[in-house]
Amino acid sequence: MGRAFVYVILGGGVAAGYAALEFVKRGVSQGELCIISEEPVAPYERPALSKGFLLPEAPARLPAFHTCVGANGERLTPKWYKEHGIELVLGTLVKSADVKRKTLLTAAGETISYKILIIATGARALKLEEFGVSGSDAENVCYLRHLADANRLVDVMQSCVGGNAVVIGGGYIGMECAASLVINKINVTMVFPEAHCMARLFTPKIANFYEDFYKSKGVNFIKGTVLSSFDFDSNGKVTAVNLRDGSKLSTDMVVVGIGIRPNTGLFEGQLTLEKGGIKVNGRLQSSNSSVYAIGDVAAFPVKLFGETRRLEHVDSARKSATHVVAAIMEPEKTGEFDYLPFFYSRVFSLSWQFYGDNVGDVVYYGDMSGSTFGAYWVSKGHLVGSFLEGGTKEEYEAIAKATKLKPEIEDLSELERQGLGFAIAISQKPPASSSSPVDVGGPPGLLLEKPLYAWHATAGVIFAASIAALAYFYGRRRRRW
């Protein structure tokens, strides 16, 4: 038994939904496209699982957050896929793939063949057992990657209101789940080996702001150590967390967020791998010309920095999905994927965005005791990264534009003095006349004219940026009065 399709998307996460929408926009015929997913539901916006889904009041539930509402697009319900002739093969595990024969074999024994395969298998949550600690199967130990995980986490939280929770890990999942636990009136202790939270992205100074805010909400931090074992009761529930430094934490539940690993297993030995993912070119095409990869599983060339990277964020999944369909269906009209790395988070009353790369010298600006502050990263004389907490839509767009341009920076103290006004001024400078628009990889619809010359911090540019900065901050203060 078997079925054949022109296009098959393997994986039913965020990227699959955005790719499906782009296929429809570009005129895919009914019956040509199939999406295979282990999950029993149509693609949805995964960020909702660590945010709105965990709220105690008016929580987000499907079908409200099916893709593509996360980018203010159409909501793709199962009915939508049916109306457009897209086959959803849900609750289905693919146990083997043969890229030479262009076939996939499901656990049920069905063979699904394709002409073009898009790998959107994403990643799986790392388990404690991979670090020598047992107990993941305890009923009050939770992970968060899929809808089933989120449902389980909600059930456990509801049984622990007023109790204690230990969060293992200080990254995205750890920070966002800790905030949700607090909102659900649970006492939280976070444990991670790094010196500060969000160590892969934040500097110690930026991390200190968020840790202080979390502490004001009652969160306790234990840093520089790791989980060594659990204590269990007679029913197999975890009652205490034992740390390597000898500490013991009594607890009613545990949330584990210790990283992810790309799902590449089906293609090892068949496709070229790099950076832990499937290596693709600027068209998101793998070492096999009939196979493409997008989202967390893809290691692609980041043109802005001239190197291959694998990015674990929903924005990359959305944009790579849209681009790969264009590259497949209209290759002669589609250039290489030109993506500006973008990360964001929203917890409690806080909201930050980061663009680019966090390498080089760091220049801080704004008031870290207030609600708005940020940082620039300068490497080899150019702006390569920008961070902003508490910005407006226009301010976030400005730092995205400035980072994409990579302006030359000669004076770090001058950059510090201008602060956010520097990005505002650079983003508002008229583009060169003989240029073409480029996607800066930020919020949907954000385009910028790309000049044909390098930016130089001449006296004229500094003067213009200074005036713009002064006018901007004066206007911002007046708006706050």
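Tutor: A nonpolar core is a set of buried Ala, Val, Leu, Ile, Met, Phe, Trp, Tyr and Cys residues joined through side-chain atoms within 4.5 Å. Buried means under 20% relative accessible area, exposed over 50%, partly exposed in between (1.4 Å probe, protein chains only). This is a predicted model: local features need pLDDT of at least 70, side-chain atom pairs count only at pLDDT 80 or more, and totals for chains, interfaces and linings use all residues. Residues are numbered from 1 along each chain as its sequence is written, and side-chain values use heavy atoms, with hydrogens and water left out.

Student: OK. How many residues are in the largest nonpolar core, and which have the most contacts inside it?
Tutor: It has 134 residues. Met190, Phe202, Tyr210 and Met253 have the most contacts inside it. Helix H1 (residues 14–25) gives the largest share, eight residues. Helices (H or I, at least four residues) and strands (E, at least two) are DSSP runs, numbered from the N terminus.

Student: What is Tyr210 in contact with, leaving aside neighbours within four places in sequence?
Tutor: Met175, Phe202, Leu350, Trp352, Phe373, Phe387 and Glu389. Contact means heavy atoms within 4.5 Å.

Student: And what does the second, separate core include?
Tutor: That core has 18 residues, including Ala125, Ala138, Ile222 and Leu227.

Student: Zooming out, what share of the protein counts as buried?
Tutor: 54% of the 481 residues. The protein has ten helices and 30 strands.

Student: Sheets next. What is the strand order in the open sheet of five strands?
Tutor: S4-S3-S2-S8-S21, with parallel pairing. Two strands pair if DSSP finds at least two bridges between them. Strand S4 (87–89) and strand S21 (291–293) are at the edges with a single partner strand each, so one side of each has no neighbour in the sheet.

Student: How do S8 and S21 join?
Tutor: Strand S8 (residues 116–119) runs parallel to S21, with three bridges between them. Ile118 has Tyr292 in S21 as its bridge partner.

Student: Which strands does H1 lie across?
Tutor: Strand S2 (7–10), strand S3 (33–36) and S8. H1 runs at about 160° to S2. Axes are lines fitted to C-alpha atoms, for helices over the stretch in contact, and angles run from 0 to 180 degrees between N-to-C directions. Helix H6 (residues 314–329) also packs on the sheet, touching S2, S8 and S21.

Student: New topic: at what angle do H7 and H9 pack?
Tutor: About 70°, with the axes of helix H7 (residues 393–405) and helix H9 (residues 420–428) 8 Å apart. That makes H7 roughly perpendicular to H9. Angles under 35 degrees count as roughly parallel, over 145 as roughly antiparallel, 65 to 115 as roughly perpendicular and the rest as oblique.

Student: Which residues of H7 and H9 meet?
Tutor: From H7, Glu395, Ala398, Ile399, Lys401, Ala402 and Leu405. From H9, Leu420, Ala423, Ile424, Ile426 and Ser427.

Student: Last one, S15. How many of its residues are buried?
Tutor: Five of the six in strand S15 (residues 238–243). Strand S14 (residues 227–232) runs antiparallel to S15, joined by five bridges. S15 also pairs with strand S16 (residues 248–250), antiparallel over three bridges.
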